[in-house]
Amino acid sequence: DKQKVRLDACNAFMIYDEYENQGLYGWQIEHICPVSMLQELGYTEEEIDNEQNLRPMHWRNCLSKSDDYPSYTSVVTSDGDRNIEREESKIVNALRRQKLMSIYPNLKKF
């Protein structure tokens, strides 16, 4: 059902009903720019939780991304119609980084 299945930024399948589950298609909401980095720069929780800084991500990719930004490592992607384990280097796309810098001007330090 295309209403319930999506790909994350690393092309891993996520199923809507698997939110916060740690199964094959489980996912979480992740902060693109890590909370710890933004806290260090003095941003409030409300500012950190800006919708432009949030996205759904397969739980294992979220875990492997950790506090890395803008480059990070993913561990799950898709091959055809299934998820597979494959470690890949990723970078947050330029347009998203630009949007985040407009929201968080202090990011330019990093």
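Me: Why is threonine 77 called buried?
Reply: The model is a predicted one, and in it threonine 77 has a relative accessibility of 3%. Buried means under 20%, so threonine 77 counts as buried. Threonine 77 belongs to strand 5, which covers residues 71-79.

Me: Is cysteine 10 buried or exposed, and how do you know?
Reply: The relative accessibility of cysteine 10 is 0%. The limit for buried is under 20%, so cysteine 10 counts as buried.

Me: How far apart are cysteine 10 and serine 78, in sequence and in space?
Reply: In sequence, 68 residues separate cysteine 10 and serine 78. From C-alpha to C-alpha, the two are 8.4 Å apart.

Me: What makes the pair of arginine 55 and glutamate 30 a salt bridge?
Reply: The closest N and O atoms of arginine 55 and glutamate 30 are 2.6 Å apart. A salt bridge needs a side-chain nitrogen of Lys or Arg within 4 Å of a carboxyl oxygen of Asp or Glu, and so arginine 55 and glutamate 30 form one. The pair links distant parts of the chain, with arginine 55 in strand 4 (residues 54-58) and glutamate 30 in strand 3, 25 residues apart.

Me: Why is the contact between the side chains of glutamate 30 and arginine 55 also called polar?
Reply: The side chains of glutamate 30 and arginine 55 make their polar contact at 2.6 Å. A polar contact has its N or O atoms within 3.5 Å, so the value for glutamate 30 and arginine 55 falls inside that limit.

Me: How do you know that glutamate 30 and arginine 55 are buried?
Reply: Glutamate 30, in strand 3 (residues 27-31), has 3% relative accessibility. For arginine 55 the relative accessible area is 15%. Buried means under 20%, so arginine 55 is buried, and glutamate 30 counts as buried too.

Me: What joins glutamate 30 and lysine 65?
Reply: Their side chains meet in a salt bridge of 3.4 Å, N to O. Glutamate 30 lies in strand 3 and lysine 65 in helix 3 (residues 59-65), so this pair ties together parts 35 residues apart in sequence. Both glutamate 30 and lysine 65 are buried. Glu30, Arg55 and Lys65 are linked in a network of salt bridges.

Me: How many salt bridges does the structure hold?
Reply: There are seven salt bridges in the structure. One of them joins the side chains of glutamate 85 and arginine 60 at 3.5 Å, N to O. Here too the pair links distant parts of the chain: glutamate 85 is in strand 6 (residues 82-91) and arginine 60 in helix 3, 25 residues apart.

Me: What makes asparagine 11 and serine 66 worth a note on phi?
Reply: Most residues other than glycine have a negative phi. Asparagine 11 is not a glycine, yet its phi is positive, about 70°. Serine 66 is not a glycine either and has a positive phi of about 50°. Asparagine 11 is in the loop between strand 1 and strand 2, and serine 66 is in the loop between helix 3 and strand 5.

Me: Which peptide bond is cis?
Reply: The bond from tyrosine 69 to proline 70 is cis, with omega near 0°. Most peptide bonds are trans. Proline 70 lies in the loop between helix 3 and strand 5.

Technical notes. Residues numbered from 1 in each chain as written. Predicted model: local features only at pLDDT ≥ 70, side-chain atom pairs only at ≥ 80, totals over all residues. Heavy atoms only, no water. Helix = DSSP H or I, 4+ residues; strand = E, 2+ residues; numbered from the N terminus. Buried < 20%, exposed > 50% of the residue type's maximum accessible area, 1.4 Å probe, protein only. Polar contact = N/O pair within 3.5 Å; in protein donor to acceptor, adjacent residues only side chain to side chain.
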